[in-house]
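Thanks, everyone, for making the time. I would like to walk through one model with you, starting with confidence and then moving to the core and a sheet.

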Amino acid sequence: MKRVNGRIMTVFFFALAVLFLAAVTAAGWVFSEEALVTDFSRKNLGPGLQYLFGTDWLGRDMFIRTLTGLSMSIRIGILAAGVSSVLALLLGTMAATMGKTVDAVITWVIDLVMGIPHILLLILISYALGKGLKGVVVGVALTHWTSLARVIRGEVMQLKEALYIRTARKLGVGGFEIAWKHMFPHLFPQFLVGLILTFPHAILHEASITFLGFGLSPEQPAVGIILSESMKYLAMGRWWLALFPGLFLVFTVVLFDVAGENLRRLMDPGSVHI
Amino acid sequence: MHKKIFRLLLAAAFAGSMLTGCKGRDTAAGEQPPAEEQPAAEEKDSVIVAMGPSSEPESGFDPAYGWGAGEHVHEPLIQSTLTVTNTDLSIGYDLAEDMQVSEDGMTWTVTIREDVKFTDGEPLTAEDVVFTYNTVKENSSVNDFTMLKEAVAVDGKTVEFRMERPYSIWPYSMAIVGIVPEHAYGPDYGEHPVGSGRYIMKQWDKGQQIIFEANPDYYGEAPKMKKVTVLFMDEDAAYAASLAGQVDLAYTSASYSDQTIDGYELLAYETVDNRGINLPAVPASADEKGNVVGNDFTSDVRVRRAINIGIDREEMIENVLNGYGTAAYSICDKMPWYNETAEVSFDLEGAAALLDEAGWTAGSDGIRQKDGVRAELNILYASGDSVRQALAADMQNQLKELGIEASIEGVGWDTAYTRALAEPLMWGWGAHTPMELYNIYHTLEGGSAEYSPYSNESVDQYMDEALKAVSLEDSYDLWKKAQWDGTSGVTQEGDIPWIWLCNIDHLYWARTDLHVADQKLHPHGHGWSIVNNVDQWYWE
């Protein structure tokens, strides 16, 4: 039998992670109605065959609630990470190419946002926008672009001095064309990995501000809400309310990390041939 | 093994609650100085009570800023009051020896006992009473004293209250105002209260505990409990503290009622702490600020009646409260001013017939419709209140059987009041005064009642008359008529602008050898009411 080489393994792990995340997202979509159903005839049941993760004090199926919650988290993560990565790309490139003043302003903004603790800024933004989905997405997007923007800014600054860019400029190629045709392909791997690694942050932050009561509204099956509700019932010995959703949240976050790491290895010239 | 897992989780729960960094949580960690100070084996005359963190009086023990009064009424313990409410919610006397009201209801004359001293040794005189009432009228942030013009001392033991308008239920207002000493009252009174009541506040560690000691010179029967320690902790911490044997009595809720704790019993007290929803009684429109007011579906009185009889209250109490509650039909069940005709029995078919008659007929998906409008309700509840959430969820399920599609939504109190003008909100009310009826149902100047759009002239008129009545007994009758006079009112056959669901029993874990004295029906608020008569508790 042919030995499985590192590249195939990497592809395999990446595919597995993506598949699982896609499945959770889809399942949440399918079950979104059912996750809200309350049935008092089946309240406070422990985990079993019928209800894998047990039920809570309103008789809601925790398995379906967890899936729906994670699905919502993933969707919020994709939205927030997408917005913040595009923001990072734009601002990073602008800082590097549009002269000293723009650079100074953008660098100052980056320092400012980084200087305030994430969670505090998130709560402020989310609260100002009236909490809910909008508040969370905008909040996460506006607080997570900074480090990626820095990386891209540095990268573009280096590229600017590269021989082929200078040559292109000498040949009279326009600024936008240089950026799009010559720089972006070079930046893409950084950008993509940055995007994927923002997911776990976004998801955890969504869960934590919802846990603290500044995020999604409490009847929605979000993981942060599930976990904060479960706190009260731990003392009564209803451990399943916190354990499974918590584990699955960690699992999801780890999978995003795995996917991002493997993708990096696949795209990074330094490790692409292992 | 089970125990081990349980302990581990408990530890995690504690760590979690500490992490959230609320100042009130420290007490959960286990350092309870009062518990350790107790003399062993001697006859015990002290008690440790756990209450919720929100019971801690924010502005201290000043009656003008909410101590004893406001939304959650209770006896002020440190101070004396002129009157008290008896177990049956009739009026009794504390400092007062006699009270008279003039024919026109504009002057109340109260004579007070002369043997009462404040704990700093100064006698309590009519001047102090006058000072107290004029101060609360001036400053009170939580109570409405606009009906009082002024208090005047006629002599050392007689006080005259001159009113702006007749107010027959004045004795109920007098039952919640603790008398403060004029000579020792200042901006810091809340933190250093001096009173003439059964207890002296000895120590207050903010965010943790308050220690009371019996007043040795109390004019009434000497308190049996010499020392009362009140701890403030969250529900789960209170439960854990009972498990650890650190408290003698701890508040709890129905979700814990299936647990057992060695050495403790579960005490359940009936209340008028009701839960109910408002149903806006006018069609939807926008007010001048652009907020929606009214609801097209619930503006139909037959819809409101159908919901009132289409809800199985007993099932709801079983489902949500594990049976620890009583069905509610008004805001004032079992009070002297309650009109029993408010009671209805569960009748699903009758409710369906009412909806059919009103033209709301079932569509293809089982949900009723009328002129293209679906029978939909969005029930709001205060987020973070698991009982109200569960009540709303159970209501949602029950309404489905009626062909009404309900959704539930958790909201914060910052927006709840405005949104309740258009959508039903899960409320909690219940106080020891008929003014609650007035607050809920009486029309304000804007042409509608305060909390939910509704107005009925005859209901208003009865309540206005009730306030003008010469005697309390007469006023009870008029309050009853305001609810239902045979042709109009706020009950099932009337306008039914609010649906009352249940009165929530107040539950406590108490040591089996602690004798807790009989309680009067607790009002809304699961806090200080339990210690109203802590002076009469004893250890068996």
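Chain A has a mean pLDDT of 86, with 97% of its residues at 70 or more, pLDDT being the predictor's confidence in each residue on a scale from 0 to 100. This is a predicted model, in which local features need pLDDT of at least 70 and side-chain atom pairs count only at pLDDT 80 or more, while totals for chains, interfaces and linings use all residues. Residues are numbered from 1 along each chain as its sequence is written, and chains are lettered from A and ligands numbered from 1 in the order in which they are written.

Turning to the core, the largest nonpolar one has 228 residues, and V49(B), A50(B), A250(B) and I379(B) have the most contacts inside it. Such a core joins buried Ala, Val, Leu, Ile, Met, Phe, Trp, Tyr and Cys residues through C-beta atoms within 7 Å, where buried requires 20 or more other C-beta atoms within 10 Å of the residue's own, these atoms being placed from the backbone.

In chain B, 4 strands form an open sheet in the order β4-β5-β7-β6, with antiparallel pairing; strands are DSSP runs of E, at least two residues long, and two of them pair if DSSP finds at least two bridges between them. β4 (96-101) and β6 (148-155) of chain B stand at the edges with a single partner strand each, so one side of each has no neighbour in the sheet. Between β5 (residues 107-112) and β7 (residues 158-163) of chain B there are 5 bridges, and T109(B) stands opposite E160(B) in β7(B).

Conventions
A residue is buried if 20 or more other C-beta atoms lie within 10 Å of its own, exposed if 12 or fewer, and partly exposed in between; C-beta atoms are placed from the backbone.
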